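Thanks, everyone. I'll take this one piece by piece. Here is the model.

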Amino acid sequence: LGNEARAWSLANERIHLLRSEWVKLDRDYLVWALDQLRRRRRLDEVRTLVNEVLLKDDYLTREHLAAVRLIKADIYRDEENYEAARIEYESIRQNEALKTTEAARQAKARLLELMIAIGNYDGAEEVLERWRTHSQIFMRSQAYYFTALIGFKRGEYDHARESLQTTFELM
């Protein structure tokens with residue numbers, strides 16, 4: 001845990017190495033750097049790199065592969081290409097080799113975020129109903145967080161506040 005802004009500043013000075021020698025880099029660093037490019041909205045640049053990395057997926061562990069595929073889906077989401085993002089997120093969740101990864105868990109939450117972003121609150125509520133009874137506290141807290149977000153977007157501020165309170169209590 002350190003100063004991410006400083007780390008990015010140092011990495012950005014040498015970003016040309018990422019483009020030319022990514023296969024020699026530590027895989028965790030590679031995933032971090034790709035995600036940093038995406039977060040900084042350098043979408044064309046990161047899309048090219050992500051596609052190149054995915055062509056050599058045998059270089060990646062399944063955790064790293066899932067993380068890079070999640071970045072690809074996030075690029076689509078950032079561009080508001082929600083259908084392409086949905087397909088990518090679903091493919092991570094449904095891939096037998098990837099569905100137990102951290103990225104698959106994140107893809108599940110991102111799918112819910114997409115439903116909310118396009119205004120499919122009823123569909124999102126159906127999913128959240130199952131999450132509220134999940135055995136993992138994290139999933140239950142996520143359910144109440146997203147319920148609060150939907151309540152806020154609908155203008156149901158008391159309901160949103162109650163759901164957020166439940167989220168805090170669970171965590």
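Start with alanine 124, which sits in helix H8. Helices here are DSSP runs of H or I, at least four residues, and strands are runs of E, at least two, numbered from the N terminus. A caution before going on: this is a predicted model, so local features need pLDDT of at least 70 and side-chain atom pairs count only at pLDDT 80 or more, while totals for chains, interfaces and linings use all residues. Residues are numbered from 1 along each chain as its sequence is written, and side-chain values use heavy atoms, with hydrogens and water left out.

Back to alanine 124. Its relative accessibility is 0%, so alanine 124 counts as buried. Buried means under 20% relative accessible area, exposed over 50%, partly exposed in between, with a 1.4 Å probe and protein chains only. What does alanine 124 contact, leaving aside neighbours within four places in sequence? Leu112, Met115, Ile116 and Ile150. Contact means heavy atoms within 4.5 Å. Arginine 140 is 16 residues from alanine 124 in sequence, and 14 Å from it in space, C-alpha to C-alpha.

Next, helix H7. H7 covers residues 102-117. At 1.5 Å a residue, its 16 residues should span 22 Å, and the end C-alpha atoms are 22 Å apart, so the two agree. The expected span is 1.5 Å times one less than the number of residues. Buried residues of H7 include Arg110, Leu112, Met115 and Ile116. The buried residues of H7 pack against H5 (62-78), H6 (82-94), H8 (121-131) and H9 (137-154). After H7 comes glycine 119, with a positive phi near 85 degrees.

Now the cores. A nonpolar core is a set of buried Ala, Val, Leu, Ile, Met, Phe, Trp, Tyr and Cys residues joined through side-chain atoms within 4.5 Å. The largest has 35 residues, and Leu18, Leu30, Leu34, Val50, Val68 and Tyr89 touch the most other members. Helices H1 (4-13), H2 (15-21), H3 (27-39), H4 (43-55), H5, H6 and H7 each give it two or more residues. H5 supplies the largest share, eight residues. Apart from this core lies another, of 13 residues, among them Ala109, Met115, Ile116 and Phe146.

Last, arginine 69, in helix H5. Buried or exposed? Arginine 69 is buried, yet has no salt bridge. A salt bridge is a side-chain nitrogen of Lys or Arg within 4 Å of a carboxyl oxygen of Asp or Glu. The nearest side chain of opposite charge, glutamate 88, is 4.6 Å away. Lys and Arg count as positive, Asp and Glu as negative; His and the chain ends are not counted.
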